[in-house]
Amino acid sequence: MKRILTTITLSLIFLESAFPLALAAPPRQPDKTEECELLIVGGGLSGSAAAYEALLAGKTVCLTEITDWVGGQISAQGTAALDERPTQRKLLYYPRGYLELRQRIEQHYKRLNPGKCWVSESCFLPRDGHKLLFGILKDAEDRGNGKLKWFPSTVIKELEISGDGKIIQSAVAIQHRPAKNAPPLNTLPLSQTIEDSYRYENSAQFDKSIIRFVPKKSRKSAQKPKPADWFVIEATETGELIGLADIPYRLGIDPRSVLEPSSASEKGDAYCTQGFTYTFAMQATKEPQNHTLPSFYSQYAPYYSYELQRLASFPLVFTYRRIKSVKPDRKLGTNPREYPIDPGDISMQNWTWGNDYRPGTSQDNFIYTREQLQESGQLQPGGWMGGLRTETLRKGEENAIGYFYWLVTGTTDSQLGDNVKKPYPNNRFLTGLNAPMGTAHGLSKYPYIREGRRIIGRPSFGQPEGFTVWEIDISRNNFRDDYYRNNLSAEEYRRLWAILSGINAPSVLADVLSPADVKPRSRAFIFPDSVGIGHYAIDFHPCMAQSPPEAPGNKEREGTRKGQGQAYPFQVPLRAMIPQKIDNMLVAGKSIATSHTAAAAYRVHSFEWSVGAAAGTTAAFALENGILPYELVDRLPQPEPQLEALQRRLDRNGNPTAFPNTSIFNTRQDWQ
């Protein structure tokens, strides 16, 4: 449904629904209008990377963010521990902006890993992640003669789309600030403020400014008309603009198929997305602390666990994502279970059977499906409220606070039984606007999101139903496992091995070569339209089988970890960033066209930067050349000269589009 702006007062329509009524006050006239060449919605790593490249290209960038920090994962979401693979890290084979971020971290702390964590080569304070990254953006603005217009605490409420449905002509946003006599921002947790932030009217806690974003007017009087005067980059954490613009997308588990053979569902399940996590910081103390029992603790206690016997160690869990070490020069051994913890050390917590919250049913799913959005009124003009279930957000907050209490006082373990968990009272929960998370309540400003709405790309050669990066494009799974022969038809099984065989596919399809005789390629699929890179394992935090997730005895959805495992170094195809219907939108971050399984690898820090850099560069290139992004790929697999020019620009600027030795004739890549 098109989101057409109107100044006509809307009548309040009361809908009979199982959902809270998503109605807001009628639109106000904008308080101001802002012009941009790029409107980037979402200030996480992908949005920041897009802004970085566009600013270096001299563009005027409007960057909006629901929180007041840039950085997403490394700041507002608290996961300030860079997820990286050994080979890529050793060779520093990353986009230039990501390398600059790593350098700034090292310069600021005089070391890359001030937390002495063991999950990463770099763990640091989230509040510093924002400061360092914002400094990088300001420097890019100066170096490239671009213009950065930063809009923190801002959400997009409506889009004006052209009559033919192809061009976003303007966007209306709501920016909030504390009302008179109200507490500062970040005093209350997100669940208590998010709905208010999407309403036009002022409230007891927020005064609001209505901002209309429009394309920047050209100063050239006789300029040739362009197909698009600006570009909008969707870089939100959950794919908000995808839901708001009502373009085709997927949520949750995809149906099992030749392309997604490890799927846990024959028909798919939109409610089973990966869990989200409210991170928090805790500090080791010399003396035991007094810990107050949360009123809701008994509800969530049946869920918490170390998960596996080899992980059943408080020192291991604490140092896993330690973001500050008071003795960062101390030599550590090889066993994290024995790592020392000193008073003053600070740990960020992000644990599957801990502060992960993993709903997976229609009663509690976090990100509303299209049908749920329609039923709740959010697809009506002026009805958009963010597309999330606030009650589930609230329960995720409670679950995280309860997890801290379990860590320091608990003696139960839902997966490992009794006599495993011991109390560790010498720790305190860090709160305050100057604390690592920058919130009075101590939780991250926004939960860490592993999976949101994922677009379905435009029909393409070999994928007439819409382009997607699938499991078999990147997975190192053992597809000779009996599971695949038993769960796919004989024809599907042959097609699977034809795809895995690479250049021998015609022989397999013609039954000249048996699947049993195929030597599968040992690299990811090579995309002719690659504009970025990434590498990480296919890492699931699966939804739970029953509602609520914390119910005693609840289990992960059966089969959801089947596709988990290592992935080959992979590419970011431009087709995965181009949505259907709208021509002047590019999608970055976790909402590109990937399957549920592929998304579990396409979600970490360096990938987000790479896809954001590609989006910013592509938008700048399209503006300069008077072209729409889909026109760069619409003739594939035939040669696309302008696509090749874009790829050369990316590579020349230090934003790799392929890993070394990537070739259809090189069937093996041994990167770890």
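Predicted model: local features only at pLDDT ≥ 70, side-chain atom pairs only at ≥ 80, totals over all residues.
User: Let us start with helix 3. How many residues does helix 3 have, and what does its span come to?

Analyst: Helix 3 covers residues 96–109, which is 14 residues. From its first C-alpha to its last it reaches 20 Å, close to the 20 Å expected at 1.5 Å a residue.

User: Which residues in helix 3 are buried?

Analyst: The buried residues are G97, Y98, E100, L101, R102, R104, I105 and Y109.

User: And what do the buried residues of helix 3 pack against?

Analyst: They pack against four helices: helix 1 (45–56), helix 2 (86–91), helix 4 (126–144) and helix 16 (605–625).

User: What comes just after helix 3?

Analyst: Just after helix 3 there is K110, which takes a positive phi of about 65°.

User: Turning to charges, which residues are linked with R102 in a network of salt bridges?

Analyst: R102 is linked with E84, R89 and E121 in such a network. R102 is also one of the buried residues of helix 3.

User: How many salt bridges does the count come to?

Analyst: The count comes to 40 salt bridges. Among them is the pair of K149 and E34, whose closest N and O atoms are 3.2 Å apart.

User: Is E34 buried or exposed?

Analyst: E34 counts as buried, because its relative accessibility is 15%, and the cut-off for buried is under 20%.

User: What about E160 and R212?

Analyst: Their side chains meet in a salt bridge, at 3.1 Å from N to O. This pair links distant parts of the chain, with E160 in strand 5 (residues 154–161) and R212 in strand 7 (residues 206–215), 52 residues apart. E160 is partly exposed at 21% relative accessibility, and R212 is partly exposed at 28%.

User: Are D529 and R575 buried or exposed?

Analyst: D529 is buried, with a relative accessible area of 0%. R575 also counts as buried, at 10% relative accessibility.

Terms used
Residues numbered from 1 in each chain as written. Heavy atoms only, no water. Helix = DSSP H or I, 4+ residues; strand = E, 2+ residues; numbered from the N terminus. Expected span 1.5 Å × (residues − 1). Buried < 20%, exposed > 50% of the residue type's maximum accessible area, 1.4 Å probe, protein only. Contact = heavy atoms within 4.5 Å. Salt bridge = Lys/Arg side-chain N within 4 Å of Asp/Glu carboxyl O.
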